[in-house]
Structures are given as structure tokens and as C-alpha cells.
Amino acid sequence: MADLIQPVRGMNDVLPVDAPLWERVEDTGAELFAAYGYQRIRLPVLERTELFSRSIGELTDIVSKEMYTFDDRDGERVTLRPEATAGVVRAALGNGLLHNQQQKLWCSGPMFRREKPQKGRYRQFHQLSVEALGFAEPEIDAELIALTARLWKKLGLASVTLELNSIGTPQSRAGYKKTLTEYFDAHRGALDEDSLQRLERNPLRILDSKNPRMRELIERAPLFGDYLDDESRAHIARVPQLLADVGVAFKLNPRLVRGLDYYTRTVFEWVTDRLGAQSTICAGGRYDGLVAQLGGRDTPAVGFALGIERVVELARADGADVAEPPVVDAFLVAAGDEASRYGFKVVEELRDRVPGLKVAIGSPAAGFKAQLRRADKSGARFALIVGETEVAAGRVSVKPLRADEPQRLVTTAECAGLLAPVRSV
Ligand code: ATP
Ligand code: MG
């Protein structure tokens, strides 16, 4: 036998058994985004590298070491998208969607980051992301947070908490960065390798360290609060008010920062203690400077992204009920060559008559008993049996598989009548 081909490390298959829970997360999200007035946008997964280096920032982990970047055959430098926001802004600008307009958009799909694969951290992962472009008001920050809170509720996720902070404007951050650099520089000896690098590049990112050894040092670091500009202060003060009004609980975390350079003012994360080290299921914030950075006019904006793998994992840990519906409503069981041909036609006719009917044909060569066993295993309510008798009579035998009721010999039209109510329950 030939060798099996292995998948690329950190890239996973989502198997049919997991599909219902994935779909539930995706469908519930899509439903809510629409209910809040957000429209879907679909974007390429491959973009020019420059898009990410200019938006996420050259010195971030993502751009400096995690991107899948290569030269296309014509020499153009391209990257598999590590996140969605930059692409959304590029598309909105390029298609004139921000021309005297605001946009509320969402999108979904795979993201790629060459991180060290572990539970909850993969090299291809999936996000739902939501972006409001052209909105300066804290109401929109709060709206996005309220939307996510509603999503968790709908998905039955009990163990999530919201952390909130303001990282101000780039101007107000400059003063803080200086203080922070001095503080960490004075404790150089206690810094791990990652943090030493961050000290040179962006000391704020040290606050985001996931190394438990760094925790104490971070706890004692000077806080940003004192450096916050007045406008940012007023903006962030309003968000908790709005959230409190609608009963969304939150924790102010003055050490919360984000790993991408484009964030300003409001940042938030939804975290859980049930997923181990990969505890953030959703993160977002304001990025008032990004549109201008990518060549547009000054346009305030805010957004978030949730990691579908982590949300699915948490839904499972929180005991989300994922009663799997039967795969099909009815299953064809055919005895013999002629009956199999006849049954094939009957099943197609049933599909015409009962829109949405889920009916499967098995392997007619498998023998009658084996087919009946598979029909039963499929979870179908009915087996549709055809043999010599049925072919001769131009009928089909309908055998209930989940109820102790007799088998009935019926016409295709009558069969459709029996199956139609199954569809509507
Ligand atoms: P983390 O701090 O866990 O690395 P992040 O700050 O890099 O996350 P974002 O870029 O804000 O994450 O992405 C938003 C969400 O996407 C995260 O909260 C997480 O749920 C998910 N996510 C990010 N990176 C990965 C990954 N490598 N594998 C699986 N999910 C991920
Ligand atoms: Mg990360």
C-alpha cells in the first residue's frame, strides 16, 4: 500500500460528527449579526503581504514570525490572511463602500498563523468577525459587546467573562510606553526571552505575556490609566454604563492589551477558565487609525473576532446540547438489480414531490438484510423497500423503523404523503 499523506501540522479536518456544533455556532452568529444590522462580506484568503505588515504592524508576533508568506509565480509577495480586519478595510476602501457611508459588516472563514500548535491553538483556525466602519460612538463598542453576550447566551455558554480596558490613542500611549520601558528595563533579569524582545519593540505587549513566571512582574507594572487622554477617558467611561444598563457584566482589566498595533481606545476580551491556557474565545476593540493607515480618510471603527474552534470546544465543555438530527428521513432498501433501478427512480420522484426530503440510497449490491441494518443505523424513520412484488405492482413498501407499526404497500404519491409530515416536524 502507498504511504498515507499527512495533513500539514496544525491544520485540522472538521469531521461530520463535529459539523452540527460548528454549524450551530456559525448559524447562530449569522442570525444575530443580521438582527443587529450587519451585512456579510466574503473576502479572499490570500492578500498582498503589505496589507498585513502595514496594518497589524511589522513588530507584532503575527507579522514578524507567524505569517504564511510566499512569492507568487510572478514574484508578487502574498500572505495567507492571519486575521480579517485588514482585508475588510481594504475591500471597503477599494470598492468605495466608505465613500460618505458607514458600514456594518461581518465575515467568516479560515485564518492562518504559524504558531506552536497545541490545544486551542492551530495554524489554520476559523473566525467569525464583525466590523463597524465609520462609527465613533461608544454605543457601537457596547453594541458589539452586547451582541457577543447574546451569542454566548444563545449558545448556552455559561462560563465566560468580559474584560474591558482602554489603551487610549497612539499619542497618549507614547508617554506610557516610556514609563513601561523604564520599569521593565529595571527588571531585565526577570524577563523571559519573548519579553526581552518585546521590550525593544513594543513594551505594551509584555503585558500580554502568557508566561506564568512573568505574572508577578506584570501585576506590579505601572498602569496606563494615568496617561489616558481626556477623550479616551470619556469614551471608555460610557461603555460600562451602557453595558450595565443592559445587564452585561464586565471586569475592568487595566492590563489588557492586544497583539495587533492598530487598536485604539476600547479593547475587550471574552475569557473562560474552562479551556486551559487558550482562554480567550473572542477579542476585539476600536481601531480608529486603521482606515487612514490603509489609504482612506480618517474613519473611526470598531470590531471583534471570535475563534470558532475555541467557542465550539467551550460549548462542548459547557454541555451544549447537540442532539444530532437523523441524517435522513427515509432509506431505500432494494432487492435485486431490477428493483434497484426501479427504486432509484422512485426516490428521485419522492424528492420532486417532497421538497427538502432527506432520503438516501445505500449499496443495492449489499444484500437485503445488510441494507435493512444500514437503514436502521442511519436513524431514518422509514425504510422504503422495493423487490419483485413492488416492481410488479408499481408500488413501494414503507416500513416504519422507529414505531411498532405495520409495513404498508403504497403508490409513490401515497408514499410522498406519508413522508411529507416527517419533513414538517
Ligand atoms: P491569543 O492571545 O490566544 O493568541 P490573539 O490575541 O492572538 O489570541 P486575536 O488575533 O484577537 O487573538 O483573534 C481573535 C480570536 O481568534 C482569539 O480570541 C481566539 O479565539 C482565536 N484565535 C487566535 N489565534 C488562534 C489560533 N492560533 N488557533 C485558534 N484560535 C485562535
Ligand atoms: Mg495570538
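Me: How many of the 5 residues of strand S12 (residues 330–334) are buried?
Reply: This is a predicted model in which local features need pLDDT of at least 70 and side-chain atom pairs count only at pLDDT 80 or more, while totals for chains, interfaces and linings use all residues. Residues are numbered from 1 along each chain as its sequence is written, chains are lettered from A and ligands numbered from 1 in the order written, and side-chain values use heavy atoms, leaving out hydrogens and water. Helices (H or I, at least four residues) and strands (E, at least two) are DSSP runs numbered from the N terminus, and buried means under 20% relative accessible area, exposed over 50% and partly exposed in between, with a 1.4 Å probe and protein chains only. Strand S12 is largely enclosed by the rest of the structure, because its buried residues number 5 of the 5.

Me: Which residues of S12 point the other way from Ala 330, Leu 332 and Ala 334?
Reply: The side chains of S12 point two ways, and all are buried. Ala 330, Leu 332 and Ala 334 take one way, and the other way is taken by Phe 331 and Val 333.

Me: Which residue in S14 is the bridge partner of Ala 334?
Reply: Two strands pair if DSSP finds at least two bridges between them. S12 runs parallel to strand S14 (residues 382–386), with 5 bridges joining them. In S14, Ala 334 has as its bridge partner Val 386.

Me: Which helix joins S12 and S13 in a right-handed β-α-β unit?
Reply: S12 also pairs in the parallel sense with strand S13 (residues 359–361), over 3 bridges, and Ala 330 stands opposite Val 359 there. A crossover is right-handed if, with the strands pointing away from the viewer, the path from the first strand over the helix to the second runs clockwise. In the unit made with S12 and S13, the helix is H12 (residues 337–353).

Me: How far apart are the end C-alpha atoms of helix H5 (residues 138–155)?
Reply: The expected span of a helix is 1.5 Å times one less than its number of residues. For the 18 residues of H5 that gives 26 Å, and the distance between the end C-alpha atoms agrees, at 26 Å.

Me: How many of the 18 residues of H5 are buried?
Reply: H5 is followed by Gly 156, whose phi is positive, near 75°. The helix itself is mostly covered, with a buried count of 14.

Me: Which residue forms a salt bridge with Asp 141?
Reply: A salt bridge is a side-chain nitrogen of Lys or Arg within 4 Å of a carboxyl oxygen of Asp or Glu. The closest N and O atoms here are 2.7 Å apart. Because Asp 141 lies in helix H5 and its partner in strand S10 (residues 280–286), the pair ties together parts that are 145 residues apart in sequence. Both residues are buried, and the partner of Asp 141 is Arg 286.

Me: How many residues apart in sequence are the parts that Asp 194 and Lys 65 tie together?
Reply: The side chains of Asp 194 and Lys 65 meet in a salt bridge of 3.6 Å, N to O. Asp 194 lies in helix H7 (residues 193–201) and Lys 65 in helix H3 (residues 61–66), so the separation is 129 residues.

Me: How many salt bridges does a search of the whole structure find?
Reply: Asp 61, Lys 65, Asp 194, Arg 198, Arg 205 and Asp 208 are linked in a network, and Arg 220 meets Glu 216 at 3.8 Å, N to O. Over the whole structure, the number of salt bridges is 29.
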